[in-house]
Structure formats: structure tokens, C-alpha cells
Amino acid sequence: VALNKRATQTDNVDGVRLASKCVDGDITAGSTCISASSMGRWWEVDLGAEFDVDRIVVYGPKNGLTAR
């Protein structure tokens with residue numbers, strides 16, 4: 001449902017790992033979104049409509065980085 005939808009986050013660590021990377025369908029290490037904030041971080045996606053959601057899948061980093 002979230003694939004390629006509009007995503008936003010508190011801020012961005014490097015100008016490359018944008019919120020949109022988290023909904024692009026690519027789960028490799030090069031396609032991640034990372035916030036620079038250490039406190040109060042958030043990320044959201046606008047699904048464009050209301051949906052009954054019974055499962056959310058979040059993939060962690062696969063490049064040796066620890067989850068934050």
C-alpha cells in the first residue's frame with residue numbers, strides 16, 4: 001500500500017537518505033532513510049486514502065549499521 005507514496009521525516013542525516021527511500025521498494029543498504037535527530041524522530045507515509053492495516057513490515061539496515 002505504501003509503495004512510492006509520499007513520505008516525510010523529521011530531518012535527514014545527509015541529504016541523500018530521504019524519507020522517500022523507505023517506500024521505493026528497494027530493501028538494499030543503499031536505499032535507506034536516516035534521520036539526523038537523536039530525540040523525537042518520526043517518519044510517516046501518506047497512503048492517500050484510509051486502509052485497514054493488519055501488518056506493517058519494517059526492514060532494518062543490512063549494511064552493518066545498527067538500528068537507531
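Which residues make the nonpolar surface patch of about 550 Å²?

Reply: The model is predicted: local features need pLDDT of at least 70, side-chain atom pairs count only at pLDDT 80 or more, and totals for chains, interfaces and linings use all residues. Residues are numbered from 1 along each chain as its sequence is written, and side-chain values use heavy atoms, with hydrogens and water left out.

The patch is made by Val1, Phe51, Val53, Ile56 and Val58. Its area is about 550 Å². Patch residues have over 30% relative accessible area and no salt bridge; nonpolar side chains (Val, Leu, Ile, Met, Phe, Trp, Tyr) are joined within 5 Å, like charges within 9 Å. Areas come from the Shrake-Rupley method with a 1.4 Å probe, and for residues only the protein chains shown count as cover. Val53 lies in the segment after strand 2 (43–46). Strands are DSSP runs of E, at least two residues, numbered from the N terminus.

Next, the loop between strand 1 and strand 2. Ser35 sits there. Ser35 counts as buried because its relative accessibility is 12%. The classes are: buried under 20%, exposed over 50%, partly exposed in between (1.4 Å probe, protein chains only). The Ser35 side chain makes a polar contact with the side chain of Thr10 at 3.0 Å, and another with the side chain of Asp11 at 2.6 Å. A polar contact is a pair of N or O atoms within 3.5 Å; within protein, one must be able to donate a hydrogen and the other to accept it, and residues adjacent in sequence count only if both atoms are side-chain atoms. Beyond four places in sequence, Ser35 is in contact with Gln9, Thr10, Asp11, Val13 and Arg41. Contact means heavy atoms within 4.5 Å.

Trp42 belongs to that loop too. Trp42 is partly exposed, at 42%. Not counting residues up to four places away, Trp42 touches Thr8, Gln9 and Thr10. Trp42 and Thr10 are 32 residues apart in sequence, yet their C-alpha atoms are 5.5 Å apart.

Now the charges. The structure holds 1 salt bridge. Arg17 pairs with Asp14, with the closest N and O atoms 3.3 Å apart. The criterion is a side-chain nitrogen of Lys or Arg within 4 Å of a carboxyl oxygen of Asp or Glu. Arg17, at 30%, is partly exposed. Asp14, at 35%, is partly exposed.

Last, a backbone detail. Asn4 has a positive phi, near 60°. Most residues other than glycine have a negative phi. Asn4 falls in the segment before strand 1 (6–9). At 57% relative accessibility, Asn4 is exposed.

Key. Helix = DSSP H or I, 4+ residues; strand = E, 2+ residues; numbered from the N terminus.
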